[in-house]
Amino acid sequence: QVQLVESGGGLVQPGGSLRLSCAASGSIFSIYAMGWYRQAPGKEREVVATITSGGSTNYADSVKGRFTISRVNAKNTVYLQMNSLKPEDTAVYYCNAGGARTIGNPGYVRDYWGKGTLVTVSS
């Protein structure tokens with residue numbers, strides 16, 4: 001099994017910055033893609049940014065130019081640097097490991113989710 005733990009959330013004023021971290025642990029063989037998703041109050045969960053093991057990135061239009069996703073494959077860790085934060089960025093942010101394989105059964109591919117970390121942007 002794979003466990004994902006997010007950290008770095010908190011309260012920040014509009015225009016401020018936060019850096020989220022997510023560390024995957026367990027019997028990991030490989031993770032194809034890692035990403036960040038968020039869910040605001042009363043809204044559905046949406047993708048924020050993703051990054052593959054090869055370094056290819058994708059961003060939601062709403063965060064392009066403000067957020068940067070990065071990954072350290074050897075540590076199974078993904079980061080999300082969030083700058084110029086807006087009140088509409090307020091949400092629970094979830095870490096995702098996509099296309100993950102475990103050492104015990106590397107032929108079985110599935111996704112794993114973290115429990116989330118709350119980001120509140122307010123003055």
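Let's start with Met 82, which lies in strand S8, residues 77–82 (strands, E, of at least two residues, like helices, H or I, of at least four, are DSSP runs numbered from the N terminus). This is a predicted model, where local features need pLDDT of at least 70, side-chain atom pairs count only at pLDDT 80 or more, and totals for chains, interfaces and linings use all residues. Residues are numbered from 1 along each chain as its sequence is written, and side-chain values use heavy atoms, with hydrogens and water left out.

- Is Met 82 buried or exposed? Met 82 is buried, because its relative accessible area is 0% (buried means under 20%, exposed over 50%, and partly exposed in between, using a 1.4 Å probe and protein chains only).
- Leaving aside residues up to four places away in sequence, Met 82 touches Gly 16, Ser 17, Leu 18, Leu 20, Arg 66, Phe 67, Tyr 93 and Val 119 (a contact means heavy atoms within 4.5 Å).
- Leu 20 sits 62 residues from Met 82 along the chain, yet their C-alpha atoms are separated by 7.9 Å.

**The sheet that includes S8**

- Four strands make an open sheet, in the order S1-S3-S8-S7, with antiparallel pairing (two strands pair if DSSP finds at least two bridges between them).
- Strands S1 (2–7) and S7 (67–72) stand at the edges with a single partner strand each, so one side of each has no neighbour in the sheet.
- On average, neighbouring strands of this sheet are turned by 15° against each other, direction ignored (axes are lines fitted to C-alpha atoms, for helices over the stretch in contact, and angles run from 0 to 180 degrees between N-to-C directions).
- As background, strands of a sheet pair through backbone hydrogen bonds, either parallel or antiparallel.
- S1 and S3 are joined in the antiparallel sense over six bridges, and the bridge partner of Glu 6 in S3 is Cys 22.

**The disulfide**

- How many disulfides does a search of the whole structure find? The search turns up one (a disulfide is a pair of cysteine sulfur atoms within 2.5 Å).
- That disulfide joins Cys 22 to Cys 95, with 2.0 Å from S to S.
- Cys 22 lies in strand S3 (residues 18–26) and Cys 95 in strand S9 (residues 91–102), so the pair ties together parts 73 residues apart in sequence.
- The link of Cys 22 and Cys 95 is left-handed, with -85° about the S-S bond.
- Cys 22 counts as buried at 0% relative accessibility, and Cys 95 counts as buried at 0% too.

**Further along S9**

- Thr 102 is also found in strand S9, and Thr 102 counts as buried because its relative accessibility is 13%.
- Not counting residues up to four places away in sequence, Thr 102 touches Gln 1, Val 2, Ser 27, Phe 29 and Tyr 112.

**Rings and charges**

- One aromatic pair comes out of a search of the whole structure (rings of Phe, Tyr and Trp, using its six-membered ring, pair if their centres lie within 6.5 Å; planes under 30 degrees apart count as stacked, over 60 as edge-to-face and the rest as tilted).
- The rings of Tyr 37 and Trp 113 have centres 4.9 Å apart and planes at 65°, so this pair is edge-to-face.
- Tyr 37 belongs to strand S4 (residues 28–39) and Trp 113 to strand S10 (residues 110–113), so the pair ties together parts 76 residues apart in sequence.
- Trp 113 counts as partly exposed, at 39% relative accessibility.
- The charged end of Arg 45 sits over the ring of Trp 113, 4.8 Å from its centre (this requires NZ of Lys or CZ of Arg within 6 Å of the ring centre and within 35 degrees of the ring normal).
- Over the ring of Tyr 112 sits the charged end of Arg 110, 4.1 Å from the ring's centre.
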